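Trainee: I'd like to learn how to read an interface and a surface patch. Can you walk me through one?

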Amino acid sequence: MELPPLPGPAVERASSRWFAGVLGATLALLGAAAAFVVWVDPFQQYHLASRYPPRFYFLHHRYIDPGLAKNQVYDTVVSGSSIMENTRNDFVARVCGGAAVNLSMPAMSASEQRLMLATALADRPLKRVIMVLDFNEFAGGVDERQDVAGPLPRYLYDRNPFNDLPYLLSWDVIVKSWRIIRGDTSEKFTSDPNAAWFWGNVVRFGRDQVLRGLDIEHLNARYQQPQRTIDGMRASFEHNLLPLFRGHPDTEFDLVWPPYSILVWLDFAQRDQLQVSLDFKRYVFEATRTLANVRITDLQNDAAITHDVRLYHDIYHFAPAINERLVEATCKGRSRVEAGTVDEFERQLRGQVTEVNTPAGLAAVIGAPDRATGEVTR
Amino acid sequence: MLFNSYEYLIYFLPLSLAVYFLLGRRATWAVGWLVAASLFFYGWWNPKYLPLILASIGFNFAVGRALHRRPRHARALLACGVAANLLLLGVYKYADFAVRNTADLTGLPLALPHIVLPLGISFFTFTQIAYLVDVHRRKAQEPSLLNYALFVSFFPHLLAGPILHHSEMMPQFASATNKRPQAFHLAAGLFLLAIGLVKKVCIADPLAPIAAAGFDHPEAIPTLTAWLAVLAYTLQIYFDFSGYTDMALGAARVFNIQMPVNFNSPYHAMNIREFWQRWHMTLSRFLREYLYIPLGGNRRGEWRTTGAILATFLLGGLWHGAAWTFVVWGALHGCALVCLRAWERTGLHLPRVIAWALTFLFVMVTWVFFRASSLPAAGAMLRAMVGANGSGEAWAEALRHALALDPQASALAGALAFAVGLVVLALRRNSNAMALDFRPTWPRGAAVAVGLVWSVLQLGKVAPFLYFNF
């Protein structure tokens, strides 16, 4: 096998000009595209939006959060899954002091929480991290991610511009940039940097919402949450979060067990996840009790919240007012899990689950099912 | 590293090319650089598998040298060498398949080893088996480990072929002229690379979600939608593989290396034999030279020929993947070739249009087995194609249905890919023909620049969180 013969010096010279011209034009066009993206920077990777109102695109947390982590001014981070999206930065700042940024992301895994916080911590010393722990984030392997989370643009989670090409040379990003320049608002986004991911004002809360499409006998049928094992959860916590606590002794980590509705715990009981969850809470306490920079706040036995389904959008997601109570409790040192309270918290929660797992207990929370139709009324 | 990635197109290829030509006056350094670059290319995905490919290269080089030096023990050495390669392939590619089937047959609770398949192992193993056989046949010999390492690891063919013959590559690697930049080949290579990138990124990739959505739910889609999903896959697999091959040939060409053509408008074939003469041509060549002919070929009677054809296609099917779907796919193609031979003996001829349509239809329907996740899934898709799930929808409705099957996919990109793909398939001249008589004209240059820019900009998709109905 041989190369096709060279067609002669004239074609070789023409080829030389052609190659240089095509390559030059290609690189010039790509360079122009990259420069345009850097200038507009719709995901705020190089600078915060200042020439135009920022666009926090619907469900683009994984693209925009690293930009906020790198460029926003803050010393306090709120980190959690979708349940923490309704937390306003200024409220955190007012209650906890300092300047805050909310870097929550929906269906967050422990590895994503680590990556997000490592990005923030690599950039500046942090005074405090309010870190809301979801049981589901520790499901599966240590690097497990939920399929629904979509791809994770890891290249944005550092300061290395040479790996940013998927952002700089992306037609999707160019289109977003162009729409910003034109003032085209056809995409769904919010513009309030104080509440970038806030959705509490566009959905309804209440008992009807919570019970919508819910099979009380099989609560997980709607949510399809994965089964967890204590070994898997421990491995994930040790791999993803403990190194963060140990590596940043000057940062205070406030771990928070969020107040899911008591129906979540009923779901855990229905699919044999109750003991695993309680064991994991105990493990987290034991694993962090010697770390001076880690504190734990637990709101999961606060029946005033968890038994009032009017405060929820579904069995997991609570109203913005509860986000504020969570932040207040955390920063004011209420509901702290300590050696003297850990047993009592667990006993209370276990008792609440036992109670709600009875017809009368369940009826007290969601109302009684109609004998004829089976429909739950109150 | 994939050809259709930023790191390859923007960093790796230009850098490896520039340094190669800078070192061109020192042949050993240039070859050494290209080997190092190729191993880096291979290790980018997972460096854990670098020792595997290095060991494979070292082992086969040693066996090749021994074959050359000890002709008296050649048969035993060849048998050992080929067996070791097949064992490697067997362990990494077929262990799970074998254990699962053993467990199914015996009822034993055997645990699957779950061995991750190293990239390109099927290709570099077959390349080296061919080398050992060629050395045994006195058609090849390689005294330099570095040159041999380059022959096996040269990055344009490492992951997805073409499957090379030592004799067609080594003279090119040895040529001093080829280590100096030649503008004509640079231009022709860039041209071919651009065609391949456009095929892959602008045609194959937008079709993938349409095919996937159909194949993911074959039990729920009506007839026309099922046919559209299968057609989408028929186009996708061709443009994906031939696009990747064009990029490989283009990348080799800028290094002044001509690799063998792997696709020659296979969907223009008038019968299934011609299809295999046009589809993945270097695999067909390998199977013919190193399996079909050693099994007797067509010189030992019809029954032996039939057996050789079926065995070749069964193993060829299994080479594509460790699943019964691939075995069935290979068996169907083998049976089709046997039927073709019987038909040819009758002396009857079909009109060309009918011959083409039958061939295309057969290839398209058999892709169902290639793409389906299991035999039951393939059965469900075939049932959907014959109307088991209802067949009342209109064409326009079916097209809308197919394009909207995956909410994350762009319906416009999918429709365009369908249209452009069908038009390109119908073209008389394919990318190889265009590269063969390449001339550096400016309209062609503008098309290449636009194609490159547009394709590169399509690589970085922004895909948000998918689940929002919490």
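Mentor: We'll take the interface, then the patch. This is a predicted model, with local features needing pLDDT of at least 70 and side-chain atom pairs pLDDT 80 or more, while totals for chains, interfaces and linings use all residues. Residues are numbered from 1 along each chain as its sequence is written, chains are lettered from A in the order written, and side-chain values use heavy atoms, without hydrogens or water.

Trainee: How many residues of chain A are in contact with chain B?

Mentor: Contact means heavy atoms within 4.5 Å. Here 50 residues of chain A touch 45 residues of chain B.

Trainee: What area do chain A and chain B bury between them?

Mentor: Interface size is often given as the accessible area lost when the parts come together. With a 1.4 Å probe, summed over both parts, that's about 4200 Å², 75% of it on carbon and sulfur atoms. A:Met1, A:Leu3 and A:Trp18 supply 20% of what chain A buries, more than any other three residues.

Trainee: How many salt bridges does the rule find across the interface?

Mentor: The rule wants a side-chain nitrogen of Lys or Arg within 4 Å of a carboxyl oxygen of Asp or Glu. Between chain A and chain B it finds zero.

Trainee: Which residues form the nonpolar patch on the surface?

Mentor: Patch members have over 30% relative accessible area and no salt bridge, with nonpolar side chains joined within 5 Å. B:Trp343, B:Leu348, B:Leu350, B:Val353, B:Ile354 and B:Leu358 make this one, with about 560 Å² accessible together.

Note on methods. Buried area is the accessible area (1.4 Å probe) that two parts lose on being put together, summed over both. Patches are made of residues with over 30% relative accessible area and no salt bridge: like charges are joined within 9 Å, nonpolar side chains (Val, Leu, Ile, Met, Phe, Trp, Tyr) within 5 Å. Accessible areas come from the Shrake-Rupley method with a 1.4 Å probe; for residues, only the protein chains shown count as cover.
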